[in-house]
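I set out below what I looked up, entry by entry. The sequence and structure come first.

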Amino acid sequence: MDSSLLAESKRIAGYRAADLVEDGTVIGLGTGSTVFFAMERLAERIASGLSIVGVPTSYQAAIRAREYGIPLTTLDEFPQLALAIDGADQVDPGLSLIKGRGAAHLREKCVADAAEEVVIVVDSTKTVDTLSAPVPIEVLPFACGLAFRRLTEMGGVPVLREGVKKDGPVVTDNGNFIIDCNFGAIPDPASLEQQIAAVPGLLECGLFTTFAEKMRVVVGEGRECRIVSLH
Ligand SMILES: O=C(CO)[C@H](O)[C@H](O)COP(=O)(O)O
């Protein structure tokens, strides 16, 4: 997909998701370029009278939301959210996801858990038959060596994520490191998510397999979009 069609696909998905937001609600604001389009549309709706408050999932989301004039709060203040809008890196037919390109998946998973409904916005290049992208994993720096050992024992190929315009490892908004672990094709993402969660020091991985029942995925393709859910 060329870059202008890709941007249009993201825009159409983001706008459609923002139109699902109801007045008077508290919503999760995910991280990434597709969610920015949802924020752009929310800003338009706020200018027309929509009243919402957002819980940002990252510094990036908070900064952009402020630029758009979206009022913000915290998950501590509102541990129950009506809806969360977020992006994804891959989506399979059972609505399992890989997230975390932006290293924000730990907070994104907390916000998805808090939300009654999760709306995922993607362009059509993100839909796959089987998840296979490297899985981002937030790791306690103290446990990095152990994490490499355990992930290798699981059959993965772990790589410490390095900064761009910053020497050394990426440091997350929570002060931790990110390992991108390549498992090849992932036929049973729920089982892999559980295995990773069982390793001390691995704080959260980018596999999202437990939210499918309350999820809608808005898939943008050029000027069209479709909404996928399990029911
Ligand atoms: O998981 C994420 C950040 O941690 C993003 O939501 C995901 O990477 C999608 O980003 P984009 O919409 O820019 O493709």
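I began with Lys 165, which counts as exposed because 4 other C-beta atoms lie within 10 Å; the limits are 12 or fewer for exposed, 20 or more for buried, and partly exposed in between, with C-beta atoms placed from the backbone. I noted that the model is predicted, that local features need pLDDT of at least 70 and side-chain atom pairs pLDDT 80 or more, and that totals for chains, interfaces and linings use all residues. Residues are numbered from 1 along each chain as its sequence is written.

**Entry 1: positive phi**

I located Lys 165 in the loop between strand 8 (157-160) and strand 9 (177-182). Helices (H or I, at least four residues) and strands (E, at least two) are DSSP runs, numbered from the N terminus. I read phi of Lys 165 as near 60°, a positive value in a residue other than glycine. Most residues other than glycine have a negative phi. Ala 103 also has a positive phi, near 65°. I found Ala 103 in the loop between strand 5 (97-98) and helix 4 (105-114). Is Ala 103 buried or exposed? Ala 103 is buried, because 23 other C-beta atoms lie within 10 Å.

**Entry 2: the ligand**

I looked up the shell around the ligand and found 17 residues, the closest being Gly 32, Thr 34, Gly 87, Arg 101 and Gly 102. A residue belongs here if its C-beta atom, placed from the backbone, lies within 6 Å of the molecule. Helix 2 (33-47), strand 3 (81-87) and helix 4 each give two or more residues to this shell. I sorted the shell into three nonpolar, nine polar and five charged residues. Nonpolar covers Ala, Val, Leu, Ile, Met, Phe, Trp, Tyr, Cys and Pro; charged covers Asp, Glu, Lys and Arg; the others, Gly among them, are polar.

**Entry 3: two domains**

I took domain 1 (3-127 + 209-228) and domain 2 (135-205) from the domain assignment, which is automatic or from a database. Their centres, over C-alpha atoms, are 24 Å apart. I found 13 residues of domain 1 in contact with 13 of domain 2, contact being C-beta atoms, placed from the backbone, within 7 Å. Helix 4 gives the most to the domain 1 side, with four residues. That side holds five nonpolar, five polar and three charged residues.

**Entry 4: Phe 208**

I placed Phe 208 in strand 11 (residues 207-208). Phe 208 counts as buried because it has 27 C-beta neighbours inside 10 Å. Beyond its neighbours within four places in sequence, I found Phe 208 in contact with Ser 96, Leu 97, Lys 99, Lys 109 and Ala 112.

Key: Two residues are in contact if their C-beta atoms, placed from the backbone, lie within 7 Å.
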